[in-house]
Amino acid sequence: MAFITRQYIRSLSSSAALHAIKHVTVIGGGLMGAGIAQVAASTGHSVVLVDTSEDILKKSAKGIETSLKRVAKKKFAEKPEDGEAFIQKVLKNVSTSSDAASIVQGTDLVVEAIVENLKVKQDLFGALDKVAPEHTIFASNTSSLQIADIASSTARLDRFGGLHFFNPVPMMKLVEVIKAPATSQQTFDALLEFSKALGKHPVSCKDTPGFIVNRLLVPYMMEAVRLHERGHGSKEDIDVAMRLGAGYPMGPFELLDYVGLDTSKFIIDGWHAMDPDNPLFGTSPLLNKLVSEGKLGKKTGEGFYKYK
């Protein structure tokens, strides 16, 4: 009976803590991580942005400040002094560190935004699980890997979920909140409330490949590539058709170049390996060729189009 009582009290205290996310640790100082850190700091959360590279962290901090200046210029056009006060207030809420193990010992939520590699993510969360408080929620910003697979390296499956933000994070309103099979309802609710607190619009997702957006978007882009490979349309005409006929802001080839051909290849290769008989997950010789040549899209100056 005493054991049951202790478990019940522990459950109640844990549930209360799950809904009180005040301190956030963001792992990964890249574009996504910096964007998540900026938005969380802008909404009054205490944020630490963590990366192993001091150079990346310096670049991230500078990027956050530059982004905040753009926001302030638009938001406080009539009162620039209020804009400057806003910038300084947000910057006080965010700091950087290269010591993840130390930082997570005092955090309510860990959001991971590192390389899209399952083992690397598992190793990270497995190490942090040993030092993070019991109430701390873990969340991955993965766009293609399954949350349950990432969480399997930890002992807090009930306190592990997905928070998939979209680039650029300060501008995009959507957040996909993913509930894995073992994610508790309390954890899921806490992640939903956190997303709303950031001023985002959360949608509920099951832990399936690509969740909602990428599950629809990636096969669409790949089918456009196959259409072009079959000689049924030029990439230029396909892009124009989808912009003008479907009202999309970018055609599929423009979007592939924007996302990064290596990223798209990584996603489709992973899904194909998981379900090789699914025609929607078929790979592309043309995409493979461009990636092998280092033509990864806008970030390298050439992909399906040239940008130099």
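**Rings, sheet and a helix**

Author: Arg-156 lies over the face of Phe-138, 4.5 Å from the ring centre. Bear in mind that this is a predicted model.

Reader: Which aromatic cluster does Phe-138 belong to?

Author: Phe-138 forms one aromatic cluster with Phe-125 and Phe-160.

Reader: And how many aromatic pairs are there in the whole structure?

Author: A search of the whole structure finds seven. In one of them, the ring centres of Phe-125 and Phe-160 are 4.7 Å apart. Their planes are at 65°, so this pair is edge-to-face.

Reader: Where do Phe-125 and Phe-160 lie?

Author: Phe-125 is in helix H6 (residues 118–129) and Phe-160 is in strand E6 (residues 160–165), so the pair ties together parts that are 35 residues apart in sequence.

Reader: Are Phe-125 and Phe-160 buried or exposed?

Author: Phe-125 is buried, and Phe-160 is too. Another edge-to-face pair is Phe-253 with Phe-304, at 4.9 Å centre to centre and 75° between the planes. That pair links distant parts of the chain, 51 residues apart: Phe-253 is in helix H11 (residues 252–259), and Phe-304 is in the segment after helix H13 (285–292). Both Phe-253 and Phe-304 are buried.

Reader: Staying with H11, which of its residues are buried?

Author: Pro-252, Phe-253, Leu-255, Leu-256 and Asp-257 are the buried residues of H11.

Reader: What covers them?

Author: The cover includes helix H9 (213–229), helix H10 (235–246) and helix H12 (261–274). Just after H11, Gly-260 has a positive phi of about 110°.

Reader: Back to the rings: which charged end sits over Phe-86?

Author: That of Lys-75, 5.2 Å from the centre of the Phe-86 ring.

Reader: Now the sheet. What is the strand order?

Author: The order is E3-E2-E1-E4-E5-E6-E7-E8, in an open sheet of eight strands with mixed pairing.

Reader: Which strands stand at the edges?

Author: Strand E3 (94–97) and strand E8 (201–206) do; each has a single partner strand, so one side of each is left without a neighbour in the sheet. On average, neighbouring strands of this sheet are turned by 25° against each other, direction ignored.

Reader: How many bridges join E6 to E7?

Author: Four bridges join E6 to strand E7 (residues 174–179), and the two run antiparallel.

Reader: What is the bridge partner of Leu-163 in E7?

Author: Val-177 is the partner of Leu-163.

Note on methods. Residues numbered from 1 in each chain as written. Predicted model: local features only at pLDDT ≥ 70, side-chain atom pairs only at ≥ 80, totals over all residues. Heavy atoms only, no water. Phe/Tyr/Trp six-rings, centres within 6.5 Å; stacked < 30°, edge-to-face > 60°. Buried < 20%, exposed > 50% of the residue type's maximum accessible area, 1.4 Å probe, protein only. Lys NZ or Arg CZ within 6 Å of the ring centre and 35° of its normal. Pairing = 2+ DSSP bridges. Axes fitted to C-alpha atoms, helices over the stretch in contact; angles between N-to-C directions. Contact = heavy atoms within 4.5 Å.
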